[in-house]
Amino acid sequence: MGELGKFVVIIGIIVTLVGLVLRSGFAPKWLGRLPGDIRIERDHSAFYFPIVTCIILSIVLSLLLSIFRR
């Protein structure tokens, strides 16, 4: 059980660091603005769902995790 706890902590640290990097402005400009991302803007509201960006990030993360599992 100790190994699982270490793994969860490491994943949490990595996710936090990636979030800080993306939040600080070092993210690529195309990230979140791909064709297929849903953006609806009205007078007093906005709805944004980056579905294509989520799919691409999911594929990349799945490939990275499959490489690290071996």
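How many helices and strands are there in this protein? There are 2 helices and 2 strands. Helices here are DSSP runs of H or I with at least four residues, strands are E runs of at least two, and both are numbered from the N terminus. Along the sequence, the pattern reads α-β-β-α.

A word on the source. This is a predicted model, where local features need pLDDT of at least 70, side-chain atom pairs count only at pLDDT 80 or more, and totals for chains, interfaces and linings use all residues. Residues are numbered from 1 along each chain as its sequence is written, and side-chain values use heavy atoms, with hydrogens and water left out.

Now the overall shape. The C-alpha atoms fill a box of roughly 50 × 25 × 20 Å along the principal axes. The radius of gyration, taken over C-alpha atoms, is 16 Å. A compact globule of 70 residues would have one near 11 Å; that rule is 2.2 Å times the number of residues to the power 0.38.

Next, the surface. Of the 70 residues, 6% count as buried, meaning under 20% relative accessible area with a 1.4 Å probe and protein chains only. The accessible surface comes to about 6500 Å² by the Shrake-Rupley method. Carbon and sulfur atoms hold 71% of that surface.

Last, one residue. Where is Val 18 placed? Val 18 sits in helix α1, residues 2–24. Is Val 18 buried, partly exposed or exposed? Val 18 is partly exposed, because its relative accessible area is 44%, and that class lies between under 20% (buried) and over 50% (exposed).

Note on methods:
Areas by Shrake-Rupley, 256 points an atom, 1.4 Å probe, with all protein chains shown as cover.
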